[in-house]
Amino acid sequence: DRLREFVADVSHELRTPIAALKMYTELQREGDVDDTTRREFLERSTDQIARLEWLSTNLLDLSRIDAGIYPRDIREGDMRDPVEAVVQALPEVAVERGVPLDSAVPAEPVELRFDRERIVQLMNNLIANGLKFTPRGGSVSVELTQTEEAVTIEVRDTGPGIPADELPHIFERFYRGTNTGDAGGSGSGLGLAIVRPIVEMHDGEIEVASVVDEGTVFRIRLPR
Ligand code: ADP
């Protein structure tokens with residue numbers, strides 16, 4: 001039943017961008033469009049293609065997770081590398097959104113066994129949510145800390161927060177909350193559904209603390 005529901009949800013999700021692309025293409029073929037409109041249709045089509053691309057990548061990951069064949073490559077490394085790589089790749093998005101992104105990592109190496117590619121994916125999903133949902137003038141910050149037993153990553157934003165009754169659902173596939181303003185429409189509800197299994201494959205834990213109108217903190221603890 002779960003699989004059937006998943007396939008139904010997937011088809012539903014694919015229908016929206018496909019219908020939009022079809023419409024923009026047809027409108028352009030009809031010929032009677034000026035250059036400005038044509039450019040706008042092309043831009044919207046590009047956004048829809050990006051959405052399809054994002055969906056297909058994430059769906060492939062979810063199906064691998066379900067099948068128990070999620071590729072993992074866990075090795076000893078310095079956790080500062082993936083954290084800094086993601087933060088350094090996003091400043092353009094942060095500037096464009098008017099939401100500064102700060103990070104703090106220890107001066108000494110943070111050694112742990114982890115899958116670099118998956119941690120990059122996890123950090124990307126959490127930071128992208130923070131940047132997407134936080135209104136202009138707010139901020140997103142990432143902090144990496146360590147003790148003898150564990151490594152902790154915190155992603156904190158001063159965004160809209162998540163209402164208490166929605167918190168239990170945010171890690172479900174295709175779940176989208178209501179408190180997300182204009183940004184809500186752009187999501188797929190798959191980002192956090194992928195974050196959780198990545199935390200689990202590292203035997204870690206994830207916690208969320210959120211206050212409506214103040215912000216949200218995702219805290220991930222990975223044992224050594
Ligand atoms: P998406 O971002 O594509 O909607 P996610 O799985 O990443 O899907 O998130 C699920 C829901 O959790 C979002 O729709 C939103 O309601 C809520 N959420 C996640 N991160 C945040 C955040 N940083 N601030 C506010 N709400 C959030």
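This is a predicted model: local features need pLDDT of at least 70, side-chain atom pairs count only at pLDDT 80 or more; totals for chains, interfaces and linings use all residues.
The side chain of lysine 132 places an N or O atom 2.9 Å from a ligand oxygen. Glycine 191 takes part through its backbone. There, an N or O atom lies 3.4 Å from an oxygen atom of the ligand.

The shell around the ligand holds 19 residues. Asn129, Lys132, Asp157, Ser188 and Gly189 come nearest. By class, the shell has seven nonpolar, nine polar and three charged residues. Several elements contribute to this shell. Helix 5 (116-133), helix 6 (191-201) and strand 7 (215-223) supply at least two residues each. Helix 5 gives the most, with three residues.

A separate analysis concerned pockets. The second largest pocket has a volume of about 260 Å³. Its lining is made of 15 residues. Nearest the centre of this pocket lie Arg2, Phe6, Phe171, Glu172 and Arg173. Helix 1 (2-29), helix 2 (35-67) and helix 6 each give two or more residues to the lining. Helix 1 provides the largest share, five residues. The lining counts seven nonpolar and eight charged residues, but no polar ones.

Aromatic rings were examined next. A pair of such rings is described by the distance of the centres and the angle of the planes. A search of the whole structure finds two aromatic pairs. One of them joins phenylalanine 6 and phenylalanine 174. Their ring centres are 6.0 Å apart. Their planes meet at 40 degrees, so the pair is tilted. Phenylalanine 6 lies in helix 1, whereas phenylalanine 174 lies in the loop between strand 5 (150-157) and helix 6. The pair therefore ties together parts that are 168 residues apart in sequence. Phenylalanine 6 is also among the residues nearest the centre of the second largest pocket.

Methods:
Residues are numbered from 1 along each chain as its sequence is written. Side-chain values use heavy atoms; hydrogens and water are left out. A residue is near a molecule or strand if one of its heavy atoms lies within 4 Å of it. A polar contact is a pair of N or O atoms within 3.5 Å; within protein, one must be able to donate a hydrogen and the other to accept it, and residues adjacent in sequence count only if both atoms are side-chain atoms. Helices (H or I, at least four residues) and strands (E, at least two) are DSSP runs, numbered from the N terminus. Ala, Val, Leu, Ile, Met, Phe, Trp, Tyr, Cys and Pro count as nonpolar, Asp, Glu, Lys and Arg as charged, and the others, Gly among them, as polar. On a 1 Å grid over the protein atoms alone, a cavity is a set of points where a 1.4 Å probe fits but cannot get out, and a pocket is an open set with protein on both sides within 12 Å along at least five of seven lines; lining residues have an atom within 4 Å of a point. Grid points are joined across faces, edges and corners, and a volume is the space filled by probe spheres set on the points. Rings of Phe, Tyr and Trp (its six-membered ring) pair if their centres lie within 6.5 Å; planes under 30 degrees apart count as stacked, over 60 as edge-to-face and the rest as tilted.
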